[in-house]
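Here are some notes to read alongside the model.

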Amino acid sequence: MLKGKNVIISGASRGIGKAIALELAASGANISFNYLKSAEAAASLEKEISDLGVKAKGFQVDIKDFTAVKEWVERSMEFFGGLDIVVNNAGITKDKALAMMDITDWKDVLDTNLGGTFNLSKACIITLFKQKSGSIINVTSVSGVVGLPRQTNYSASKAGIIGFTKALAREVAPYNIRVNAVAPGFIETDMVGQLRPDFLKKMLERLPLGRLGKAEEVAKCVKFLADDFSGYITGQTIIIDGGLSIQA
Ligand code: NAP
């Protein structure tokens with residue numbers, strides 16, 4: 001059902017964003033994505049998606065820079081001629097105990113994760129208003145639901161995204177635009193590789209499903225929220241965490 005739909009997705013050169021881009025492209029959607037540094041990975045993803053028979057374009061744009069994001073959206077519109085689905089995925093961690101965290105660790109994470117979600121949503125919203133349809137999917141985290149130690153910056157940014165999702169969903173529902181979020185737990189990507197091994201081992205031992213999640217498992221849920229199968233769902237956060245948030 002995504003055939004011919006136009007998707008814009010942040011942070012797709014690696015990890016979960018890349019899996020989402022490939023999943024939506026495999027269903028027939030055209031993909032515009034951005035990245036910060038990974039130019040080589042982005043070029044190879046562009047080719048991988050184009051080989052699926054849809055349009056693909058990667059843009060080196062810092063999600064923290066609203067002017068650059070606005071220009072990316074405009075160039076994507078010129079390239080595709082429309083916009084149907086927005087995925088706010090780009091995110092970073094800078095984990096530290098609060099006592100050791102400096103202001104740049106706090107600001108970088110808030111500006112990228114929460115600020116980036118604002119920037120891309122804001123740059124797209126008028127277009128979605130005009131056509132009176134659209135689906136926005138925000139990638140938050142179970143860290144924003146339960147709160148994790150050494151992640152006050154990250155948990156705050158991701159909890160902020162959940163609030164943003166609910167508020168925007170109420171605001172734009174009259175225009176037939178849906179806004180939802182997915183909250184992954186520990187997913188096998190470079191980001192999880194940055195966690196302290198002893199912390200990760202302890203988490204995995206207590207995790208009901210006892211394994212890391214796969215980026216593709218998150219991508220399938222995003223596809224569900226992107227297409228009309230989820231047409232009566234808005235303002236929700238779907239947790240994809242192997243049971244992390246329900247453990248006693
Ligand atoms: P990842 O493997 O580290 O990939 C992050 C992606 O975001 C890359 O494409 C990166 O581009 C891009 N990015 C980072 N900062 C950016 C910026 N300022 N401007 C533009 N692009 C930027 O991370 P991931 O694990 O796939 O995470 C993706 C999302 O899922 C994030 O929002 C993360 O918080 C969330 N999440 C992840 C997990 C997990 O366990 N992995 C769990 C819960 C939530 P470059 O390649 O150019 O650096």
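Which residues does Ile-31 touch, not counting residues up to four places away in sequence?

1. Ile-31 touches Val-7, Ile-9, Ala-21, Leu-24, Ala-25, Ile-49, Lys-55, Ala-56, Lys-57 and Phe-80, with residues up to four places away in sequence left out. Contact here means heavy atoms within 4.5 Å.

2. A word on the basis: this is a predicted model, where local features need pLDDT of at least 70, side-chain atom pairs count only at pLDDT 80 or more, and totals for chains, interfaces and linings use all residues. Residues are numbered from 1 along each chain as its sequence is written, and side-chain values use heavy atoms, with hydrogens and water left out.

3. Ile-31 also belongs to the largest nonpolar core, which has 33 residues; Ile-20, Leu-24, Ile-31 and Val-87 have the most contacts inside it. Such a core is a set of buried Ala, Val, Leu, Ile, Met, Phe, Trp, Tyr and Cys residues joined through side-chain atoms within 4.5 Å. Buried stands for under 20% relative accessible area, exposed for over 50%, and partly exposed for what lies in between (1.4 Å probe, protein chains only).

4. Two or more residues of this core come from each of β1 (6-9), α1 (15-26), β2 (30-35), α2 (39-50), β4 (85-88), β5 (134-139) and α9 (215-226). The most come from α9, with 7 residues. Helices (H or I, at least four residues) and strands (E, at least two) are DSSP runs, numbered from the N terminus. Apart from this core lies another, of 21 residues, among them Ile-63, Val-69, Ala-90 and Val-179.

5. Now the sheet: it is open, with 7 strands in the order β3-β2-β1-β4-β5-β6-β7 and parallel pairing. Two strands pair if DSSP finds at least two bridges between them. Since β3 (56-60) and β7 (237-240) stand at the edges with a single partner strand each, one side of each is left without a neighbour in the sheet. From one strand to the next, the twist averages 15°.

6. Ala-183 is opposite Ile-239 in β7.

7. Helix α2 lies across β2 and β3 and runs at about 175° to β2. Helix α9 packs on the sheet, touching β4, β5, β6 and β7, and its direction makes about 165° with that of β6. Axes are lines fitted to C-alpha atoms, for helices over the stretch in contact, and angles run from 0 to 180 degrees between N-to-C directions.

8. Two backbone spots may interest you. Lys-132, in the loop between α4 (103-131) and β5, has a positive phi of about 55° although it is not a glycine. Arg-150, in the loop between α5 (143-146) and α6 (152-172), has a positive phi near 70°.
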